[in-house]
Amino acid sequence: MTGTSLKFTPRQIPAYLLALLLVVSLLAPVLPLQDPLAMDTAARFAGPSAQHLFGQDEFGRDILVRLVFALRNSLIVAFAAAILAGVIGTALGVLAGYSRGLTEMLAMRFIDIVLCFPPLLLAMLAVTLYGPGPVTLIPVLAIVFVPSFTRVAHASVLSVRSQDYVEAVRSMGASNARVMFSTILPNIAGPLIVQFSFTVAVTVVLESGLSFLGLGVLPPAPSLGLMIGTGRATLAQAPMLLVWPCAALTAMILILNAFCDDLRDRLDPKSSKIRGQ
Amino acid sequence: MFWFLRRGFASLVMLWVIVTLVFMSIHFVPGDPVELLLSQDGGSADPATVQMIREDLGLNRPIIEQYVEKLKGLASFDLGRSMVDDSSVSAEIARRLPRTLELIGLAALISLVIGIPAGIYAALHTGRRFDRAASYVAGFAQGIPVFVLGTLLILVFSQMLKLTSAGGFVAFSQAPGKHMMLLLMPSLSIGIGLAAIVFRITRASTLEVLPLDYVRTARAKGLGDRRIVLHHILRNALIPVITIFALQIGSLLGGTVLVEYVFNWPGLSGMLVSGVNARDYPTVTGVILVISALLIGLNFLVDVLYGLTDPRVRK
């Protein structure tokens, strides 16, 4: 465990970049930025200038500001969905692993069913029924990622449930809920945190894909997927309208992936060996 | 034999569960599903139209009756009629499915042709320049979303270099060369990300096989490097590659939805996206059922292949 030292190493770069991303997107509304929705039709497709570093889009909106707010929207949706999936999935997995029997059977079969659908298709089915927008988006993305949390939690609970310290708490007369959530849960937190970070990364990709198809975040709210989708129409006149959101999205995903890999190596060294990556 | 039957039965049960869930999904919606489907323009729907669609979809009949009807339809491959133009959903899917399969096939081929040799070469030369460079490239290729890659390919190859058109479709029977040209870019968009995964798994499993006794034996027998790699390492290292590949089929099918949209490729997903936009319920459920069935079928096929190559699986 040399990873706990505070000295700066290249491996920490993704973590710093991610922290920067989170801070910027959290503070975006209070930062001295222009309104991401403010149009300036006289300056459509204007190139970079001192006021608009990345230029302006097809409605004369500032591209840089829109990128910042798009990152913010992506992260809000991703975190909300991942937290929801994490809470439901973990509760289900812990319950299944701890109580075994019928509960376990039902929970694990439910998971298998959700896993039958490719995530994007499940999301599209929900959009057909409930219409696009964040109110549909977050619960759907959450449902898609419940199974992975349940599997991780279930497997981890199975490996610790008969250990001495769990037996000890139980023999002291602790209630089942107490054993599950204040004894077992803290001890299986490592793999779950890793799973959480992976879920955020994958959700960002899925959300951008849906928004790209026009089925996720709705205009005029800025979203990277949506910006790429609309940028395609003006490909010939203003290729940079396409290049910036592509670069921002890819950079964010690469940072998240690198952070996840690092986090997994630190918190869950066993799984990285099993997966051989 | 019993094992194969049991796996087949499990797949059928899975399919039945999906059909039932998709069938139920329209009834899960709070409020009247038909009014909801029609209300996209904001105003409330005309009662006469609502009544008509309800009869079209059979929603005015008891739920059990609808369900039996649906299963009967599915047994004869009838997925209902589109709410937009009343065309047969099954016929449209049958017309578009081959194009999607073609795309997936070429993408898979590209990924294997790039990923496996690169993975083996990197594993045989760990830590060297190629290995390190390829690992970075793979990390990048795995991270970039398919629709971003596709869009950038269009930007570079058709907008800037003017090498191909930005997308579209020509039937193979009309112009085979043009058909393959148009197929190439979408397949690359999917294949490159997949190649990264194949590369990583091949590299890792080759590294696991390398120090094993049978490789040493082969070397002690005086076999040449080429023969050792092809006959002793590759064969054993490929088993995990097949597994991971099978697990990726789902995301591959999801990826085609985006890529077909990017390149205007008239496969299943164009149908799906316009169906979702028009809230055309029969079209959407039809496509989703077909793709899910494909997924289950492919997984079953992989399981069978597995059972055939490794009898230990069939316990």
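Which residues does Ala123(A) touch, not counting residues up to four places away in sequence?

Mentor: A word on conventions comes before the reply. Residues are numbered from 1 along each chain as its sequence is written, while chains are lettered from A and ligands numbered from 1 in the order in which they are written. This is a predicted model, in which local features need pLDDT of at least 70, side-chain atom pairs count only at pLDDT 80 or more, and totals for chains, interfaces and linings use all residues; pLDDT is the predictor's confidence in each residue, from 0 to 100.

Leaving aside residues up to four places away in sequence, Ala123(A) touches Val140(A), Leu141(A), Val144(A), Leu206(A) and Leu210(A). Contact here requires that the C-beta atoms of two residues, placed from the backbone, lie within 7 Å.

Ala123(A) also belongs to the largest nonpolar core, which has 147 residues; together with Met124(A) and Leu141(A), Ala123(A) touches the most other members. Such a core is a set of buried Ala, Val, Leu, Ile, Met, Phe, Trp, Tyr and Cys residues joined through C-beta atoms within 7 Å. A residue is buried if 20 or more other C-beta atoms lie within 10 Å of its own, exposed if 12 or fewer, and partly exposed in between, with C-beta atoms placed from the backbone. Helix H2 (residues 63–99) of chain A gives the most to the core described above, with 18 residues.

Next comes helix H8 (residues 189–212) of chain A. Helices (H or I, at least four residues) and strands (E, at least two) are DSSP runs, numbered from the N terminus. Of the 24 residues of H8(A), 20 are buried, so the helix is largely enclosed by the rest of the structure. Its end C-alpha atoms are 34 Å apart, which agrees with the 34 Å that its 24 residues should span at 1.5 Å a residue; the expected span is 1.5 Å times one less than the number of residues. Gly214(A), with a positive phi near 85 degrees, follows H8(A).

Thr103(A), in helix H3 (residues 101–116) of chain A, counts as partly exposed because it has 14 C-beta neighbours inside 10 Å. Its contacts, not counting residues up to four places away in sequence, are Leu95(A) and Ala96(A).

As for the chain as a whole, chain A has 11 helices and 0 strands, and 44% of its 277 residues count as buried. Among its contacts between residues at least 6 apart in sequence, 68% join residues at least 24 apart.
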